[in-house]
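Okay, thanks for coming, everyone. I've got one model to walk through today, so let me put it up on the screen.

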Amino acid sequence: MVTRNEINEVIAWCEQVKKEKKVLYSVERNPFGDKIAWMGIFPLIEIDRPMEVANKRNLVYDSVMKKLWKHLGFDWVEIIPDVQESVKDPGLKP
């Protein structure tokens, strides 16, 4: 399950790397693979690398839009927090 806190943690890390390196774009090893379950599928994180040339197996961070992207099917899709059902169907028995 993807949470807003996990997304914010990855974004904060990307922003820190960008600030420290002061380069147009950067490709970094994914330090979150063991800590955040859904991040384990991405070997690298590409910070501000254009999606047209980014590796489809990697996570892409766009610092202009402050969003994380993954390749799914034939297109790049934004990683968003999972929504849990907060209302249970009254017709279902526990």
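This is a predicted model: local features need pLDDT of at least 70, side-chain atom pairs count only at pLDDT 80 or more; totals for chains, interfaces and linings use all residues.

We have 5 strands in an open sheet, ordered S1-S2-S3-S4-S5, and the pairing is mixed. S1, residues 26-29, and S5, residues 75-78, sit at the edges; each has a single partner strand, so one side of each has no neighbour in the sheet. From one strand to the next, the twist averages 30 degrees.

S2 and S3 are parallel, with 3 bridges. Then S3, residues 59-62, runs antiparallel to S4, residues 67-72, again over 3 bridges. S4 and S5 are antiparallel as well, joined by 4 bridges.

If you want to click along, here are some residue pairs. Valine 60 is opposite glutamate 46 on one hand and opposite tryptophan 69 of S4 on the other. Tyrosine 61 has leucine 68 in S4 as its bridge partner, and histidine 71 is bridged to tryptophan 76 in S5. As for the side chains of S3, Leu59 and Tyr61 point one way, Val60 and Asp62 point the other way, and all are buried.

Now, the residue I'd like you to zoom in on is glutamate 46, in strand S2, residues 44-47. Is glutamate 46 buried or exposed? Buried: the relative accessible area of glutamate 46 is 1%, and the cut-off is under 20%. So what does the side chain of glutamate 46 reach? There's the backbone nitrogen of asparagine 55, at 3.1 Å, and there's a polar contact, also listed at 3.1 Å, with the side chain of arginine 49. Skipping neighbours within four places in sequence, glutamate 46 has contacts that include Ser26, Val27, Ala54, Asn58 and Tyr61.

Lysine 22 has a phi near 50 degrees, and it's not a glycine. You'll find lysine 22 in the loop between helix H1, residues 4-21, and S1. Lysine 22 counts as exposed because its relative accessible area is 71%. Back to aspartate 48, as promised: that one is in the loop between S2 and S3, with phi near 60 degrees, again positive in a residue other than glycine.

The hairpins have some too. Between S3 and S4 there are 4 residues, and lysine 66 in that hairpin has a positive phi near 55 degrees. The hairpin of S4 and S5 has 2 residues between the strands, and glycine 73 in the turn has a positive phi of about 70 degrees.

That's me done. Over to you.

Terms used. Residues are numbered from 1 along each chain as its sequence is written. Side-chain values use heavy atoms; hydrogens and water are left out. Buried means under 20% relative accessible area, exposed over 50%, partly exposed in between (1.4 Å probe, protein chains only). A polar contact is a pair of N or O atoms within 3.5 Å; within protein, one must be able to donate a hydrogen and the other to accept it, and residues adjacent in sequence count only if both atoms are side-chain atoms. Contact means heavy atoms within 4.5 Å. Two strands pair if DSSP finds at least two bridges between them. Axes are lines fitted to C-alpha atoms, for helices over the stretch in contact, and angles run from 0 to 180 degrees between N-to-C directions.
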